[in-house]
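Here is a short report on one protein chain. Keep the structure open while you read.

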Amino acid sequence: MYMSNHRITPIPVTKILGEFIANLQWEQASPKVKELMPILMVDYFRAGIAGQNRYWTSLVTELYQSHSSDKTASVLYTDLKIDISRAAFINGVASGSLDWDDSHVAAIIHPGVVIWPAAIAMAEHVNASGKELLTAVLVGYETAIRIGMSIQPEHSLRGFQGTPTCGVFGAAAACARLLKLSPEKCRDALGIAATFSCGISQFFVSGSDIKRFHSGKAAANGIEAALLSQIGLTGPHDSIEGSQGFARAFSDRFDPEIVIRNLYQDFVSEWISLKPHVGSVRMQAAIEAAIILSNEGVKADQIQSITIGIHGAMVSKLASNNPVDVQQAQLSTPFAVAMALIIGQSRNGLLALSIDDYESNIQDLIVRELCSRTSCIVDSEVESLTTRESVAGRVTCHLKDGTIKSAFVASPKGCPENPMSIEEVSNRFQGLGTSMFSKSDCEQWLHHARQVQDLKSVAPLMTLRK
């Protein structure tokens, strides 16, 4: 049912969001979301380290560093200064290309890797303070997530990826706020972002590199939308809710009430999940369950077959037994579970699946053979315990001697019910960062990042150099 069709006067979603973007004050944010924003920022920078030396990041950097005009924005962990749109593209690719970024289950979106690169580039450009950056990012998260929630899961079922399609609204919102645009111009920025929205999900089926640059493209598009609005160009005043607008074009269902409900009071950004393991947020519980079984002594050569209990929404996109490339392996619950069971015991119980694990095991015959004997089934308990905040998971190993070993995880680490603290996120950052920078430089950067709301400018956030 397309709910907005049943209203004589549609809710002016775009206008209301424009006012929210222009008017929300940091002081109005909930204590929980104020605590969460620096955590999300540190996690974004951590993801950028992980993706910095990948070939796709190098390729887009080479493409854009020689096509620069206004060189005011930094490329993460380099001395490069390029124009803000291209910096956001590159930094979005670096941080968003590994499926190791923050996620919102209900909106089916990775907001941080679109919004942070756009907002930080714009903050450098306008010399914004840390508090101004956080406020802008918060309105960006709220905008993107609420739009996503209003059209999901039908949006994804039609073949769109919510991270770029909805994330562009968040990037545009954050940049419009940093540019201090009026409510009307913030509305126009959303209208322009609506026509820039793009991103298909065929990579789930066929592999390829496109998912690796979805977040960067959306970040750049959000910057362009805000800049175009700033100079006076307009977007439809009802670009989201209109009869030929974004929601109608991109989904078979749209609930405008979700977008505007309790703005300024309830912050849906509080439901963000962070991921210990590379891969979809919906796979995290299953990976954790596999690690539990590995720690209990289950060995690959003992296993006859594996059954993974999943949510029904995972069947069409996250259940491949034969991933064709690393990108698709990162979205294969059977592959991740098989790999976790095989390599888990060599890590002394401390396992966080990384992109290196996927790359080194994608052609491993033992992993692939166990993956081929792994099946995903819809599990009623998993479905009943899955919420708008997290996805449960079960792994059952059927051993060759007839024994059955099973582990169930209701709330995986990193989800809102089992969150990561600022200390845990800082440790993750240092774990990656010290492979590229000195320990003292990482500690100095973390000092600034953890006090970001007090920074006079965002310049200290861009001081780490390879």
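## Strands side by side

In which sense do S3 and strand S4 (residues 374-378) pair, and over how many bridges? The two strands pair in the parallel sense, over 5 bridges. Here Ile310 stands opposite Val378 in S4. Two strands count as paired if DSSP finds at least two bridges between them. Strands (E, at least two residues) and helices (H or I, at least four residues) are DSSP runs, numbered from the N terminus.

A word on the source. This is a predicted model, in which local features need pLDDT of at least 70 and side-chain atom pairs count only at pLDDT 80 or more, while totals for chains, interfaces and linings use all residues. Residues are numbered from 1 along each chain as its sequence is written, and side-chain values use heavy atoms, with hydrogens and water left out.

## The rest of the sheet

Buried means under 20% relative accessible area, exposed means over 50%, and partly exposed lies in between (1.4 Å probe, protein chains only). S3 also pairs with strand S5 (residues 393-399). These two run antiparallel and are joined by 6 bridges. Ile308 has Val395 as its bridge partner in S5.

S5 then pairs with strand S6 (residues 404-409). Again the strands run antiparallel, with 6 bridges. S5 and S6 form a hairpin with 4 residues between them. In its turn, Gly402 has a positive phi of about 90 degrees. In a regular strand, side chains alternate between the two faces of the sheet.

## The nonpolar core

Which residues touch the most other members of the largest nonpolar core? They are Met37, Phe45, Trp116, Leu133, Tyr358, Phe429 and Leu461, in a core of 160 residues. Helix H6 (residues 130-151) gives the most to this core, with 12 residues. A nonpolar core is a set of buried Ala, Val, Leu, Ile, Met, Phe, Trp, Tyr and Cys residues joined through side-chain atoms within 4.5 Å.

Take Phe45. Leaving aside neighbours within four places in sequence, Phe45 is in contact with Leu76, Tyr77, Ile120, Phe429, Trp445, Leu461 and Met462. Contact means heavy atoms within 4.5 Å.

## Pocket and cavities

The largest pocket has a volume of about 630 Å³. It has 36 lining residues, and the closest to its centre are Val105, Ile108, Ser156, Arg282 and Ala313. Helix H7 (154-157) and helix H8 (162-178) are the elements that give two or more residues to this lining. By class, the lining has 16 nonpolar, 14 polar and 6 charged residues. Ala, Val, Leu, Ile, Met, Phe, Trp, Tyr, Cys and Pro count as nonpolar, Asp, Glu, Lys and Arg as charged, and the others, Gly among them, as polar.

How many cavities of 30 Å³ or more does the structure hold? There are 3. The largest cavity has about 50 Å³ of space. Its lining includes Val105, Ser273 and Lys413. On a 1 Å grid over the protein atoms alone, a cavity is a set of points where a 1.4 Å probe fits but cannot get out; a pocket is an open set with protein on both sides within 12 Å along at least five of seven lines; lining residues have an atom within 4 Å of a point. Grid points are joined across faces, edges and corners, and a volume is the space filled by probe spheres set on the points.

Is Ser156 buried or exposed? Ser156 is buried, because its relative accessible area is 9%. Ser156 sits in helix H7. Beyond four places in sequence, Ser156 is in contact with Ile108 and Lys317.

Ser85 lies in helix H4 (residues 84-96). Ser85 is buried too, with a relative accessible area of 7%. Not counting residues up to four places away, Ser85 touches Ala220, Ile223 and Glu224.

Most residues other than glycine have a negative phi, and most peptide bonds are trans. Ile108 is not a glycine, yet its phi is positive, about 50 degrees. Ile108 lies in the loop between H4 and helix H5 (112-126). The peptide bond from Gln152 to Pro153 is cis, with omega near 5 degrees. Pro153 lies in the loop between H6 and H7.
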